[in-house]
Amino acid sequence: MASKTLRKLLTELKHISSEANANDSLAAKYITAQFRKFETTEQQHCRAKEEMQFAANTYLCYLESVRKLKELNAAYSGRGERSIRETADMVGFKLPHDPK
């Protein structure tokens, strides 16, 4: 489970990173080091690992939510003023014909 969370975190870091190789960034190195630091075997039970897993899942949820919010804002952002015809077309209405 921890390795799955680590992979997802690194993937989200790639989405928001402007660097060519996001896995070499300081954030990626720090996260990987923290996962290794709290790595336990099946015979060990470590409370810090559970806390680390909770923090990692929380941060992963935050990163995914921020990325999805940016995607939604980009998809539905306004372009400023629209004409009456564009607004009517957008909501599915038809305009009456102009009288002659």
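**Surface.** I looked up the accessible surface of the chain first: about 8600 Å², with 55% of that on carbon and sulfur atoms. The areas come from the Shrake-Rupley method with a 1.4 Å probe, and for residues only the protein chains shown count as cover. I note that this is a predicted model, where local features need pLDDT of at least 70, side-chain atom pairs count only at pLDDT 80 or more, and totals for chains, interfaces and linings use all residues. Residues are numbered from 1 along each chain as its sequence is written, and side-chain values use heavy atoms, leaving out hydrogens and water.

**Fold.** I find four helices and zero strands. Helices (H or I, at least four residues) and strands (E, at least two) are DSSP runs, numbered from the N terminus. The pattern along the sequence reads α-α-α-α.

**Burial.** Of the 100 residues, 19% count as buried. Buried means under 20% relative accessible area, exposed over 50%, and partly exposed in between (1.4 Å probe, protein chains only).

**Core.** Next I listed the largest nonpolar core, which has twelve residues, among them Leu6, Leu10, Ile31, Phe35 and Leu60. Such a core is a set of buried Ala, Val, Leu, Ile, Met, Phe, Trp, Tyr and Cys residues joined through side-chain atoms within 4.5 Å. Helix 1 (2-16), helix 2 and helix 3 (47-76) each give two or more residues to this core. Helix 1 brings the largest share, five residues.

**Thr32.** I checked Thr32 in helix 2 (residues 26-37). Thr32 counts as buried because its relative accessibility is 17%. Leaving aside residues up to four places away in sequence, Thr32 touches Leu6 and Leu10. A contact here means heavy atoms within 4.5 Å.

**Salt bridges.** How many salt bridges does the structure hold? I count two. The criterion is a side-chain nitrogen of Lys or Arg within 4 Å of a carboxyl oxygen of Asp or Glu.

- Arg67 meets Glu12 at 2.9 Å, N to O. Arg67 is in helix 3 and Glu12 in helix 1, so the pair ties together parts 55 residues apart in sequence. Glu12 is buried, at 4% relative accessible area.
- Arg67 also pairs with Glu71, with the closest N and O atoms 3.3 Å apart. These two are four residues apart in helix 3, so about one helical turn separates them. Glu71 is partly exposed at 45% relative accessibility.

Through shared partners, Glu12, Arg67 and Glu71 join into one network.

**Helix 4.** Last, I looked at Val91 in helix 4 (residues 84-91). Val91 is partly exposed, at 49% relative accessibility.
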